[in-house]
Amino acid sequence: MRRIWDDAVRALGGAPDAGDLMERYAEPHRTYHNAFHVVSVVRDSSALADAFAFTVEERAILALAACAHDVIYDSEPGEDERASAAWARERLAGLQETHIARVESLVLATITHSSDDPLAHVLLDADLAILGSQAEHYDRYSQAVRREYARYDDATWRAGRAKVLKTLLDREVLFVTEPARQRWDDAARTNLARELQSLA
């Protein structure tokens with residue numbers, strides 16, 4: 001991940017300074033939102049980007065946003081993303097403001113999972129790719145997320161998680177880009193419905 005970060009910064013004309021990037025993603029409380037997840041998002045966003053005419057600079061911005069999107073993670077939705085965006089802004093201070101602002105906006109888009117930016121569409125779809133994974137991989141993901149929210153009792157967790165799953169299932173469009181829909185939509189809806197039923 002550090003190599004991906006450094007290469008992207010260089011592509012934007014900057015001097016790499018990843019700071020505590022790797023240490024953050026190695027924090028012991030992260031059972032899902034860790035380096036493996038981030039590398040997966042980088043990989044999947046890069047694969048999806050192949051279907052679009054993004055410039056070299058845009059792909060570098062996308063890679064930086066993918067690396068930074070969960071760099072601060074304390075199981076505090078909204079606050080985590082805002083703190084991650086601020087972390088990215090600080091680390092990228094040597095780049096052009098337009099590049100910094102776009103990385104920041106992509107990270108912030110993961111709060112609501114909505115944006116008008118085509119780069120965000122790719123990032124957000126890659127972030128949700130785990131939903132469309134094989135059943136056993138999905139189950140490991142859901143168990144890992146449960147451990148990250150271990151401070152909540154089972155009843156509170158089930159209610160909150162069921163609300164999230166139902167919101168996702170009720171979306172007319174779960175994945176924004178066509179390549180992501182083709183890859184993951186059917187399996188994602190099956191996995192989400194299965195988990196929701198298990199919480200009933």
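Reply: The axes of helix α6 (residues 97–112) and helix α7 (residues 118–127) come within 10 Å and cross at roughly 40°. That angle makes α6 oblique to α7. The model is predicted, so local features need pLDDT of at least 70, side-chain atom pairs count only at pLDDT 80 or more, and totals for chains, interfaces and linings use all residues. Residues are numbered from 1 along each chain as its sequence is written, and side-chain values use heavy atoms, without hydrogens and water.

Some terms first. Helices are DSSP runs (H or I, at least four residues), numbered from the N terminus. Axes are lines fitted to C-alpha atoms over the stretch in contact, with angles from 0 to 180 degrees between N-to-C directions. Under 35 degrees counts as roughly parallel, over 145 as roughly antiparallel, 65 to 115 as roughly perpendicular, and the rest as oblique.

The crossing of α6 and α7 is right-handed (the near helix is turned clockwise from the far one by less than a right angle). On the α6 side, Arg 102, Leu 106, Ala 109 and Thr 110 make the contact (heavy atoms within 4.5 Å). From α7 come Leu 119, Ala 120, Leu 123, Leu 124 and Asp 127. By class, this contact has six nonpolar, one polar and two charged residues (Ala, Val, Leu, Ile, Met, Phe, Trp, Tyr, Cys and Pro are nonpolar; Asp, Glu, Lys and Arg charged; the others, Gly among them, polar).

On a 1 Å grid over the protein atoms alone, a cavity is a set of points where a 1.4 Å probe fits but cannot get out; a pocket is an open set with protein on both sides within 12 Å along at least five of seven lines; lining residues have an atom within 4 Å of a point.

One cavity of 30 Å³ or more is counted. About 40 Å³ of space lies in the largest cavity. Leu 124, named above in the helix contact, also lines this cavity, with His 113, Asp 125, Leu 128, Arg 171, Leu 174 and Val 176. The cavity lining divides into four nonpolar, one polar and two charged residues.

α7 also supplies at least two residues to the lining of the second largest pocket, as do α3 (35–49) and α8. α3 gives the largest share, six residues.

α6 gives two or more residues to the lining of the largest pocket. That pocket has a volume of about 940 Å³. α9 gives the most to its lining, with nine residues.

Note on methods: Grid points are joined across faces, edges and corners, and a volume is the space filled by probe spheres set on the points.
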